[in-house]
Amino acid sequence: MKFIELKDKEISELQKMLIEKKSELFELRLKLKTMQLNNPSQIAIIRKDIARINTAISAKKD
């Protein structure tokens, strides 16, 4: 996901995406602890997506 894609969305859409990504991160962390996660780099990708969404939300509020 790129910041350019997020820039044009509404704050409500961004907040929904943020909730989805956070729940996805939670599930990945659970899989990591139970040794079911095949690709641990997915966690870093989701964390970066969450940061991008937070940046887009804060840019919209200004």
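These legends describe close-up views of a predicted model.

**View 1. Helix H3 and its buried face.**
Helix H3 covers residues 41-61. Its 21 residues should span 30 Å at 1.5 Å a residue, and the end C-alpha atoms are 31 Å apart, which agrees. Buried residues of H3 are Ile 43, Ile 46, Asp 49, Ile 50, Ile 53, Ala 56 and Ile 57. Down the helix axis they fall within an arc of 145 degrees, so they line one face of H3. Arg 47 and Lys 48 sit on the other side of H3 and are exposed. The buried residues pack against helix H1 (3-7) and against H2.

**View 2. The largest nonpolar core.**
This core has 13 residues. Leu 6, Leu 14 and Ile 53 have the most contacts inside it. H2 and H3 are the elements that give two or more residues to the core. H3 gives the most, with six residues.

**View 3. Around Ile 53.**
Ile 53 is one of the buried residues of H3. It is also among the core residues with the most contacts inside the core. Beyond four places in sequence, Ile 53 touches Met 1, Leu 6, Leu 14, Met 17, Leu 18 and Lys 21. Two of these partners, Leu 6 and Leu 14, are listed with Ile 53 for the most contacts in the core.

**View 4. Leu 28 in helix H2.**
Leu 28 belongs to helix H2, which runs over residues 11-33. Its relative accessibility is 9%, so Leu 28 counts as buried; the cut-off for buried is under 20%. Leaving out residues up to four places away in sequence, Leu 28 touches Leu 37, Gln 42, Ile 43 and Ile 46. Ile 43 and Ile 46 are themselves buried residues of H3. Pro 40 lies twelve residues from Leu 28 along the chain, and their C-alpha atoms are separated by 8.4 Å.

**View 5. Lys 21, a buried lysine.**
Lys 21 is in helix H2. Its relative accessible area is 15%, so Lys 21 is buried. Leaving aside neighbours within four places in sequence, Lys 21 is in contact with Met 1, Ile 46, Asp 49, Ile 50 and Ile 53. Among these, Ile 46, Asp 49, Ile 50 and Ile 53 are buried residues of H3. The side chain of Lys 21 makes a polar contact with the side chain of Asp 49, at 3.4 Å.

**View 6. The Lys 21 and Asp 49 salt bridge.**
Side chains of opposite charge can pair when their charged atoms come close. Lys 21 forms a salt bridge with Asp 49, and the closest N and O atoms are 3.4 Å apart. Lys 21 lies in helix H2 and Asp 49 in helix H3, so the pair ties together parts that are 28 residues apart in sequence. Both Lys 21 and Asp 49 are buried.

Asp 49 and Arg 52 both lie in helix H3. They are three residues apart, about one turn of the helix. Asp 49 is buried, with a relative accessible area of 5%. Arg 52 is partly exposed, with a relative accessible area of 30%. Lys 21, Asp 49 and Arg 52 are linked in a network of salt bridges.

Definitions and conventions
Residues numbered from 1 in each chain as written. Predicted model: local features only at pLDDT ≥ 70, side-chain atom pairs only at ≥ 80, totals over all residues. Heavy atoms only, no water. Helix = DSSP H or I, 4+ residues; strand = E, 2+ residues; numbered from the N terminus. Buried < 20%, exposed > 50% of the residue type's maximum accessible area, 1.4 Å probe, protein only. Contact = heavy atoms within 4.5 Å. Expected span 1.5 Å × (residues − 1). Arc of directions from axis to C-beta. Polar contact = N/O pair within 3.5 Å; in protein donor to acceptor, adjacent residues only side chain to side chain. Core = buried A, V, L, I, M, F, W, Y, C linked by side-chain atoms within 4.5 Å. Salt bridge = Lys/Arg side-chain N within 4 Å of Asp/Glu carboxyl O.
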